[in-house]
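Trainee: Could you walk me through this one? I'd like to get my bearings before I do anything else with it.

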Amino acid sequence: MRRGLTVVLAVLSSLVVSAGLLTVPAHATSTHATSSDATASQRYAMPVEAYPPYQPQKTCARKDKPGTVALGRWLVARGGVYGGTLRACSSGGQSEHKDGRAFDWMLDASDPDDRAIADAFLIEAFADDELGDTDALARRMGIMYVIWNDRMYAAWDGFEPTKYLSSGCRTRRACSVTLRHRDHVHVSLSKAGARGLTSWYVEQALAPPTA
Ligand SMILES: [Zn+2]
């Protein structure tokens, strides 16, 4: 009986293989073993944070904030160039760059490789986790909003993409690549995220190095 079952199983498994039903997960064939792979499979002790509300910039920072810098470095490790965080308050208008909560990730939306890097991050950040928490990584990172390639992804809209046009532009055509955010991804963080107090920063700092 046992022998017969083994034969049946052997036949079944060979059928499965020949039918091509055994598929290799796409990421297993990827040569891009980035730090994101470790993060995606990371288990957190802390629950996922609520979507942060809009917290407008009101103060002027003189020093970089640790969460903003950590996220910026993590992003640049995937490609692109570090575009900086802090900007002087002497220029007009409100910006999270002035209180150290914003990071510019220099990528070129007209370059397919750069676009793929940015889009891969957005897909990962706005994916559900294994518990079904929506936009889990973005919430753990304390992302308040992202602007990239004429689109804005805001926590208060559940990170649904909306068309973005800078207040400095009448039309998209008259708008510079910078104001259209086609030469960089702008990431603004919540106050807690910028200070490195949300779960992604806290637990990443405690996790063993993945290199
Ligand atoms: Zn920016």
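Mentor: Helices (H or I, at least four residues) and strands (E, at least two) are DSSP runs, numbered from the N terminus. This is a predicted model, where local features need pLDDT of at least 70, side-chain atom pairs count only at pLDDT 80 or more, and totals for chains, interfaces and linings use all residues. Residues are numbered from 1 along each chain as its sequence is written.

Trainee: How many helices and strands does the protein chain have?

Mentor: Read along the sequence, the pattern is α-α-α-β-β-α-α-β-β-β-β-α-α. That comes to seven helices and six strands.

Trainee: Which residues of α4 are exposed on the other side from its buried ones?

Mentor: Start with the buried set, D114, A118, F121 and A125. Seen down the axis of α4, these fall within an arc of 60° (taken over the directions from the helix axis to the C-beta atoms), so they line one face of the helix. The buried residues pack against α3 (66–76), α5, β3 (143–148) and β6 (185–189). On the other side of α4, the exposed residues are P112, D113, A116 and I123.

Trainee: How far apart are the end C-alpha atoms of α4?

Mentor: The expected span of a helix is 1.5 Å times one less than its number of residues. For the 14 residues of α4 that gives 20 Å, and the model agrees: the end C-alpha atoms are apart by 20 Å.

Trainee: Is D128 buried or exposed?

Mentor: D128 is in the loop between α4 (112–125) and α5 (136–141). Leaving aside neighbours within four places in sequence, D128 is in contact (C-beta atoms, placed from the backbone, within 7 Å) with D133, T134 and A136. D128 has 11 C-beta neighbours inside 10 Å, so the label is exposed.

Trainee: What is the phi of D135, roughly?

Mentor: D135 is also found in the loop between α4 and α5, and is buried because 21 other C-beta atoms lie within 10 Å. Most residues other than glycine have a negative phi. D135 is not a glycine, yet its phi is positive, at about 50°.

Trainee: And where is N149 found?

Mentor: N149 is another non-glycine with a positive phi, about 55°. N149 counts as buried because 20 other C-beta atoms lie within 10 Å. Its place is the loop between β3 and β4 (151–154).

Key. Buried ≥ 20, exposed ≤ 12 C-beta atoms within 10 Å, placed from the backbone. Contact = placed C-beta atoms within 7 Å.
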